[in-house]
Protein chains: 2
Amino acid sequence: MSGNESCIVRHFKHYGPLSESDTKLLQALEKEPISGTSGQTLWEEGDKAGEICTIKSGWAYSYRNIDDGTRQVLDVFLPGDIVGLREFAFKERMSGIKLLTDSVICRFPHNHLIDIFRDSTKLTTIFFSISARQQTLLTERLVNLGRRNAFEKTAHLVYELYMRLKRTNPELGNSFELPLSQQIIADALGLSAVHVSRTFSELREENMICRERNHVTLLDIERLESVIGFSKAYLQEQDYLSYVS
Amino acid sequence: MSGNESCIVRHFKHYGPLSESDTKLLQALEKEPISGTSGQTLWEEGDKAGEICTIKSGWAYSYRNIDDGTRQVLDVFLPGDIVGLREFAFKERMSGIKLLTDSVICRFPHNHLIDIFRDSTKLTTIFFSISARQQTLLTERLVNLGRRNAFEKTAHLVYELYMRLKRTNPELGNSFELPLSQQIIADALGLSAVHVSRTFSELREENMICRERNHVTLLDIERLESVIGFSKAYLQEQDYLSYVS
DNA sequence: CGCATACTTGAGCCGAATCAATTGGCGTGG
DNA sequence: CCACGCCAATTGATTCGGCTCAAGTATGCG
């Protein structure tokens, strides 16, 4: 039980130490892992919503289809992330989810979440923090879509993913696998795929980001941070667990 | 105690009936109301974050200043809304808040929220639902900024506010006070103020929305809904409280 | 080897930005 | 009651970032 720590437990420990019983409660959420393959749809907009998922391994994204045939990518999910928290308050899915790589995921029903609210103040606090953090990421993307040009948008997306990967994997170097096609990046940034291609060329010419296939290298992190107006407040996470326990 | 129901209690009862003790717990959050005047800053980006606020009356908005001198409006808050949930997980404010009208607000510290997590599963569930709902509104705005043109963006913003007002005030007709300048609307939609002006002219010519001063009238709600691809899923909120109690 | 999918590159166009001048409403003070 | 000034909104002229359409190049897979 000890050595083989589940992904969600690792994710939660980011917020502070967990007691034996909390760990057990959490691990109950990750039984019955399901394997999925790249491109697979987990659910679609309008499906009944009654459970959330953890991503044990792999990448996924959520999206909304627009009437005119285009779509907006809302979120990119990485290993350890929780998917579907948004719909806790709703009966239907507000967005679809597709896998970007072969993945392993665990589903658990909203009712279990409420059981946790009843049984563990500490886990409740962490779940609430995670929901708050997701909101913060969304507002950051709002800034990205509203007030930045294509160059800054693209730099920001790559940098956000880099920071999120580094958060759970501190020894990450300055390059990583990015299983997003230019079309998906375009749909996330409100651009056309053609222009995303041009923008990556520019980022390459400026010696800031090099993307080849599904692999990106950050060539000049300092300049990246200055272009996107990076603020370290991102990292200043709160620690309430001392108060809780 | 009965007749004079506080705003947050009314907001929470939207999710289901509350017990005597839950109501008391909630009301404890709304003691010491503070009056503020239009234009006042509640807090700025980078300020220490340690409390959330309820808006008893009045309107407010949150924003991020961008390096190039522009800014992005992230949220518009209406009476009964909860402000600052986003920063629960962080030590600093990620965005500033300003009042749009003279308002009455109540502050309460994050620690009290955790007390509620410990003492009431029902209120915890509601708080979690509210956080989830805020996330959903943010993703809807992401679609707005990413994949709609100025005409649709503007129609959507007005319509979103209309629906949110109507949610807590069902007998609302087809017009209401909108205390947002065209500059603020521009900052919310990622447009220039000049273009917002032109867009409202267009909406007027199309007999869809009429805005004069701070008053808007929805002239053709059906056509509005079709332009922005309105989906009723917005309204299909979940009811977990039966499970909780 | 051939096909499908992803990406690149060019030409022309369009929606929204910017700059600049003007109008209108409203509060203040004479 | 009018003159002044401030701010919000309108209108026009011009520019520009990113889109669309279209053709061509990799790359990977059966």
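Let's start with Asp220(A), which is partly exposed at a relative accessible area of 25% (buried means under 20%, exposed over 50% and partly exposed in between, with a 1.4 Å probe and protein chains only). The model is predicted, so local features need pLDDT of at least 70 and side-chain atom pairs count only at pLDDT 80 or more, while totals for chains, interfaces and linings use all residues. Residues are numbered from 1 along each chain as its sequence is written, chains are lettered from A and ligands numbered from 1 in the order in which they are written, and side-chain values use heavy atoms, leaving out hydrogens and water.

**Salt bridges**

The partner of Asp220(A) is Arg223(A), with which it forms a salt bridge (a side-chain nitrogen of Lys or Arg within 4 Å of a carboxyl oxygen of Asp or Glu). Arg223(A) is also partly exposed, at 31%. Over all chains, the count is 30 salt bridges. Here are some of them:

| Salt bridge | N to O distance |
|---|---|
| Arg223(A) and Asp220(A) | 3.3 Å |
| Asp115(A) and Arg118(A) | 3.5 Å |
| Arg71(B) and Asp187(B) | 2.8 Å |

The Arg71(B) and Asp187(B) pair joins distant parts of chain B, from strand E5 (residues 71-77) to helix H6 (residues 182-189), 116 residues apart (helices, H or I with at least four residues, and strands, E with at least two, are DSSP runs numbered from the N terminus). Both Arg71(B) and Asp187(B) are buried. Asp115(A) and Arg118(A), by contrast, sit in helix H3 of chain A, three residues apart, which means about one helical turn between them. Asp115(A) is partly exposed at 23% relative accessibility, and Arg118(A) is partly exposed at 41%. Salt bridges also link Asp75(A), Asp81(A), Arg86(A), Arg141(A), Glu160(A) and Arg164(A) into a network.

**Where the chains meet**

Between chain A and chain B, 59 residues of chain A are in contact with 59 residues of chain B (heavy atoms within 4.5 Å). The area buried between these chains is about 6100 Å², with 62% of it from carbon and sulfur atoms (the accessible area, 1.4 Å probe, that two parts lose on being put together, summed over both).

Four salt bridges are counted between chain A and chain B. Arg64(B) and Glu140(A) form a salt bridge by their side chains, at 2.7 Å from N to O. On the side of chain A that touches chain B, strand E5 (71-77) and helices H3 (110-119), H4 (121-147), H6 (182-189) and H9 (241-244) each supply at least two residues. H4(A) gives the most, with 21 residues.

**Aromatic rings**

Over all chains there are 17 aromatic pairs (Phe, Tyr and Trp rings, the six-membered ring for Trp, with centres within 6.5 Å; stacked if planes are under 30 degrees apart, edge-to-face if over 60, otherwise tilted). One of them joins Phe12(A) and Phe127(A), edge-to-face, with 5.0 Å between centres and 70° between planes. Phe12(A) is in helix H1 (residues 7-13) and Phe127(A) in helix H4 of chain A, 115 residues apart. Both Phe12(A) and Phe127(A) are buried.

Phe128(A) and Phe128(B) have ring centres 6.2 Å apart and planes at 55°, so this pair is tilted. The pair crosses between chains, from helix H4 of chain A to helix H4 (residues 121-147) of chain B. Phe128(A) and Phe128(B) are both buried. They belong to a cluster linked by ring pairs, together with Phe88(A), Phe117(A), Phe88(B) and Phe117(B).
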